Amino acid sequence: MSFSRLGGLRYAAVALASGLISGGLALSFETASLWRLVFVGLAPLPLFAGGLSSGPLTTLAAGLAGAVVVTAGIGSAAGVYYLAAVAIPTATLVWQALRSAQTSEARRVWYSGGNLLLWLAGLGIVSVLALVAYFAVLDGGLAAAIGERFDLAPLAAAMAARIAPGLAVAAWMA
């Protein structure tokens, strides 16, 4: 079998491998390890690597593969959260990073990095607003959810709830 015949499988293999790795990193949130937040923070990295090497559609396919892994491991709600917090923002940023224009001399000119940073900040703002809206309808709000998840006293959970959305976005942007 020639190498050119296997060229079409490259995109599928990259999408599957990066999706499985990313989903595995996201599954580490359910462990008791102290490293779980580091691994969850690294979950978009395989998607970025696959997408920047093979294109934004590969990132979307890898995100779907990762969502299947997370759904199989944790549940359907976690798969939806993975898509919303990891796969879709990563695919958007990869799409923005790979945008370019052709000049009259048939040269490719890449857009500035500032545009990419604006998209990164905009996605962070949208995610904070989505978190606020989601937890606004829950009984007890974000403080109750944090208190249940991390077994905290109500006062400590309320203090953590004040900084949690901004801290989550800052960690995602880092």
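So, how do H4 and H5 lie relative to each other, roughly parallel or roughly antiparallel? In this predicted model, the two helices pack at an angle of about 165 degrees, with their axes 9 Å apart. Angles over 145 degrees count as roughly antiparallel, and therefore H4 and H5 are roughly antiparallel to each other. As for handedness, H4 passes H5 in a right-handed crossing.

Let me take the helices one at a time. H4 covers residues 56-73. With 18 residues at 1.5 Å a residue, H4 should span 26 Å, and its end C-alpha atoms are 25 Å apart, which agrees. Among the buried residues of H4 are Thr59, Gly63, Gly66, Ala67 and Val70, and those five also meet H5.

Just after H4 comes glycine 75, and this residue takes a positive phi of about 150 degrees.

Then we have H5, residues 76-97. Its 22 residues reach 30 Å from first C-alpha to last, close to the 32 Å expected. And where does H5 bend? At leucine 83, by about 40 degrees. Leu83 is also one of the H5 residues that meet H4.

Have a look at the contact between the helices on your screens. From H4, the list includes Pro56, Leu60, Leu64 and Thr71. From H5, it includes Ser76, Ala78, Gly79, Tyr82 and Trp95. Of these H5 residues, Ala78, Gly79 and Tyr82 are buried. Further along H5, Ala87, Thr90, Ala91 and Val94 are buried too, and these four also meet H4.

That's my tour of the pair, thanks everyone!

Notes
Residues numbered from 1 in each chain as written. Predicted model: local features only at pLDDT ≥ 70, side-chain atom pairs only at ≥ 80, totals over all residues. Heavy atoms only, no water. Expected span 1.5 Å × (residues − 1). Buried < 20%, exposed > 50% of the residue type's maximum accessible area, 1.4 Å probe, protein only. Bend = angle between axes of the 7 residues up to and from the residue. Axes fitted to C-alpha atoms, helices over the stretch in contact; angles between N-to-C directions. Parallel < 35°, antiparallel > 145°, perpendicular 65-115°, else oblique. Left-handed = near helix turned anticlockwise from the far one by under 90°. Contact = heavy atoms within 4.5 Å.
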